[in-house]
Amino acid sequence: MNTCKLRNIVVVGALLSLVAALLPAPPRSGQAKAASIHPRVLADLAAASEGHAEFFLLLADQADLSPAYEMRDWNARGRWVVETLQATAQASQPSLLKALNSPDLRKHVTHWRAFWIVNAVAVRGDQTAAEKLAQRPEVAQIVPAIKLEAPPFPQFPSEFLGNLEGSGERQAPAVVGWNIRQIRADQVWALGYRGEGMVVANVDTGVEYTHPALIRQYRGNLSGSAAGPFEHDYHWFDPYWGTSAPEALPSSASAVFPSSHGTHVMGTQVGDDGVGNQIGVAPGARWIAAFGCCVNNTSLLAALQWMLAPTRLDGSDPNPDLRPHALQNSWGGPGGSLIFNQAAEALRAAGVFVSASAGNKGTDGCGSMGSPGDNPAFFSVGSNSSTGQLSSFSSRGPNPFRGIGPDVLAPGEQIRSAIAGGSYSHWSGTSMAGPHVAGAVALLWDANPSLIGRVAETADLLRKTAEPVFVPGETCGGVDSSSVHPNNSAGWGRLDVLRAVQVAGQGNSGVEVTVVDALGQPLAGAQVSLTTRAPDGRSVTLEGATNSEGRYEFIVAPGQVRLRARLFGYSMNEPVAVNVTDSVTEVTLTLQELPRYTLRGIVVEKSQRAYLPLLVVNSYYPPWSKEAAQPAAVPGHLKRLAAQAFIVGAPLPPASTDCSGTFELTVPAGTHTLEVRALGYEPQRLILNVTGPMTTTVAMRPTLDYAVSDSRSGDVQFNWVDARGGVRHSLSDDSNRWLVLPPDRFFSFFGLPYRSISFSSNGFLSFEYGFRFFHGVVPFEGLPNNAFYAYAEDLNPEANLDYHTGYDNGIYTLIDSDRVVIQYNEVEHWAWGNPETFQVILDLRTGAITVQYLVVSWPDFTTVGLEDSTGRRGVLYSYANSANLEPGLAVRFTPVIGQSGVSCQ
């Protein structure tokens with residue numbers, strides 16, 4: 001992307017220290033390790049004019065925060081999380097920091113900065129420093145700074161805006177906004193709950209604290225009146241511009257105008273001027289803010305770290321007691337990336353409810369959610385209109401990391417809120433939907449303080465009390481959104497904060513469930529559910545999982561409820577009716593362990609194969625795996641296959657077939673879905689009712705598939721073909737071109753012929769349709785599909801035109817008699833820098849695809865793989881550089897149908 005949009009905004013790049021989420025887990029202390037220097041660090045150092053560059057030391061020890069989730073005291077919990085994070089850093093960093101200040105390294109290091117939200121140290125130094133630091137026992141990896149670019153102002157797509165005028169509007173409307181009424185926040189106010197005692201926040205482009213609708217709610221306002229006085233320590237943090245009071249700030253160093261984005265978002269969270277402009281969901285809550293979007297890595301990381309333990313303006317004296325209860329993130333980037341998840345997990349561990357906007361890519365169809373909205377640690381919010389329907393621009397699921405997505409919808413079209421200059425304006429986008437949830441959390445926790453810090457329980461309440469929304473004609477993730485709830489278009493439906501408050505209750509009522517086995521021993525991880533009815537008659541089922549002591553507590557209003565528990569390997573109990581009173585009711589549910597049996601499977605090739613999928617190859621070349629098209633002579637001689645088998649949804653490791661094509665699984669009695677996968681065959685699912693030891697035969701139908709091999713195994717040779725003698729193409733950022741093959745040539749991809757091949761500036765090829773943007777997860781139904789990802793990243797072939805010189809930055813194509821070469825030559829990343837040179841070789845005879853890497857500068861967020869036109873079948877070779885891409889590597893994807901089978905001989 002050439003912009004970093006504030007959900008309306010796309011952040012390209014990531015938190016530098018969260019690279020840990022993308023790389024293999026570093027070893028714990030005491031384990032043998034060899035600290036690696038990332039190739040891009042060496043490249044940066046070699047290219048630096050003075051020999052010094054920025055890099056980061058990722059330390060081996062990372063804090064375990066899981067005990068925090070059992071803590072109920074807000075202050076104690078926050079202190080423990082921060083102290084644990086800081087203790088981990090303090091235990092492993094001192095000798096390293098001492099070394100950085102030693103005479104041996106001082107002349108090689110310009111400066112350094114330590115972080116504790118993840119255990120890392122930022123360093124600016126030379127290659128000698130990097131090499132010496134790599135020998136330190138505390139250091140697991142040395143990784144480069146991660147790109148984080150900001151948008152120019154303004155960056156709001158016109159189709160998502162209403163009357164955005166320079167001066168805005170100041171006259172108060174006659175009634176509370178439709179968005180507030182639709183989620184029934186005003187009815188919660190009528191119950192006496194306006195968010196008092198709660199603190200909400202955003203990490204955004206800053207907030208104009210003097211705005212009439214926000215000045216009284218600002219936590220730094222010591223009197224609560226517009227006159228102040230004001231104290232900005234602990235309530236505002238600006239790690240980049242260094243401002244001393246909350247402002248609507250430019251979102252990048254090059255921007256001229258201040259950005260109203262953060263002000264508009266905060267207005268929806270808490271805004272109310274007391275004279276009719278009731279624009280906020282929780283006008284009784286206080287707010288704090290940090291500028292973090294989106295100037296650079298360090299600023300965003302520092303802003304998130306500050307949210308865990310707010311400090312004085314100068315960053316001193318952190319106090320976790322003053323962290324917010326809810327934090328909204330109306331920014332993000334392309335989907336399929338976990339780069340923000342680790343920071344959100346730390347916030348959640350401290351009891352902070354972290355919400356994020358789902359994205360504005362709905363017109364791209366299914367699988368269009370962005371990150372971090374699709375991350376497991378974030379509560380994802382899509383947009384609905386004033387009529388309650390899903391907004392056309394709201395990104396659709398499924399969520400590639402946790403199934404159903406988004407979590408809920410909230411009003412996001414023509415939302416009237418605050419903008420800079422003391423004005424108001426109507427904006428649209430999921431940026432505007434997300435803050436409704438942060439405000440709703442403030443109302444809910446005000447109404448029932450027992451929920452404070454219980455992020456998972458609160459998220460479940462918001463999902464299960466949402467009003468179902470159906471979307472005719474959409475089947476994202478294979479779910480019919482016109483009739484199924486929840487679905488992958490609208491998630492659990494439209495936010496209804498009144499129903500959430502009613503179901504949760506407003507006192508100390510609830511049910512504490514303990515799940516035990518027949519001997520009375522607690523069962524951890526049991527799934528428990530509670531079904532109740534809201535006052536409007538809607539049935540609501542809340543869910544959770546038991547802790548290590550077999551317990552789970554539901555926060556629910558008094559009334560009749562039904563309880564159930566289930567655990568793999570145990571019988572599910574019959575529903576238990578319980579009358580919930582004004583106190584916590586204790587209930588014990590007993591599950592009986594089921595007998596376990598051996599499930600033996602024999603995987604064979606299907607004998608009836610008269611009609612195989614049509615394979616298209618050039619007529620003068622032999623078809624692939626021709627023998628696979630010949631039916632087996634007799635059933636007794638069916639080919640035995642190498643395969644993997646697993647029970648769908650069960651906590652059991654998969655089983656592989658042995659040399660006779662046989663696998664074994666130990667499963668409890670009951671009905672299970674068995675899935676078997678084999679290279680070159682269609683996956684098979686069987687529903688089995690296991691009542692004793694059983695043997696089943698799984699017949700696999702041959703189909704077109706791709707086998708992967710690389711030069712590390714010796715199966716592929718790196719053999720660079722310089723395509724610069726062919727045609728040079730000058731692509732712009734986020735663009736694509738079509739390559740048309742000669743009339744007598746075509747390339748077969750997933751069995752279909754193509755004479756036209758689209759190559760994107762972002763490092764991938766697509767067939768049939770020309771795609772410019774990519775999704776980080778493969779295979780996945782979200783666009784693009786029918787594509788080969790050679791080095792999918794945010795590349796910018798025009799970088800040298802505007803920013804940089806000295807690199808070719810061209811994309812070359814070369815066609816000869818039996819192959820096509822598409823070469824990305826010194827193509828830089830957006831906005832500029834870190835050139836990459838790689839090529840894709842399409843073999844017209846066999847349909848094989850080889851990708852070769854000559855220069856690898858910055859592979860941190862790359863995806864390598866391929867997928868078919870549905871996004872359901874494909875092969876992922878590398879996600880976020882999991883394959884450790886490096887110069888001299890060649891990877892080949894070879895089409896196959898069937899396999900030679902296995903043998904014990």
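Helices and strands here are DSSP runs, numbered from the N terminus. The model is predicted.

**M198.** In this model, M198 sits in the loop that joins α7 (185-190) to β8 (199-204). Its relative accessibility is 5%, so M198 counts as buried, the cut-off being under 20%. P324 lies 126 residues from M198 along the chain, and the C-alpha atoms of the two are separated by 7.7 Å.

**E828.** Strand β41 (residues 819-829) contains E828. This residue is buried yet has no salt bridge. The side chain of E828 does make a polar contact, with the side chain of N809, at 3.5 Å.

The distances given for these two residues are listed below.

| Pair | Kind | Distance |
|---|---|---|
| M198 and P324 | C-alpha atoms | 7.7 Å |
| E828 and N809 | side-chain polar contact | 3.5 Å |

**Largest pocket.** The largest pocket holds about 1,200 Å³ of space. Its lining consists of 37 residues, and those nearest the centre are A456, E457, G544, A545 and Y552. Two or more lining residues come from each of α10 (341-349), β12 (353-357), α12 (455-464), β19 (539-545) and β20 (551-555). The largest share, seven residues, belongs to α12. Sorted by class, the lining of the largest pocket has 17 charged, 14 nonpolar and six polar residues.

Terms used:
Residues are numbered from 1 along each chain as its sequence is written. This is a predicted model: local features need pLDDT of at least 70, side-chain atom pairs count only at pLDDT 80 or more; totals for chains, interfaces and linings use all residues. Side-chain values use heavy atoms; hydrogens and water are left out. Helices (H or I, at least four residues) and strands (E, at least two) are DSSP runs, numbered from the N terminus. Buried means under 20% relative accessible area, exposed over 50%, partly exposed in between (1.4 Å probe, protein chains only). Lys and Arg count as positive and Asp and Glu as negative; His and the chain ends are not counted. A salt bridge is a side-chain nitrogen of Lys or Arg within 4 Å of a carboxyl oxygen of Asp or Glu. A polar contact is a pair of N or O atoms within 3.5 Å; within protein, one must be able to donate a hydrogen and the other to accept it, and residues adjacent in sequence count only if both atoms are side-chain atoms. On a 1 Å grid over the protein atoms alone, a cavity is a set of points where a 1.4 Å probe fits but cannot get out, and a pocket is an open set with protein on both sides within 12 Å along at least five of seven lines; lining residues have an atom within 4 Å of a point. Grid points are joined across faces, edges and corners, and a volume is the space filled by probe spheres set on the points. Ala, Val, Leu, Ile, Met, Phe, Trp, Tyr, Cys and Pro count as nonpolar, Asp, Glu, Lys and Arg as charged, and the others, Gly among them, as polar.
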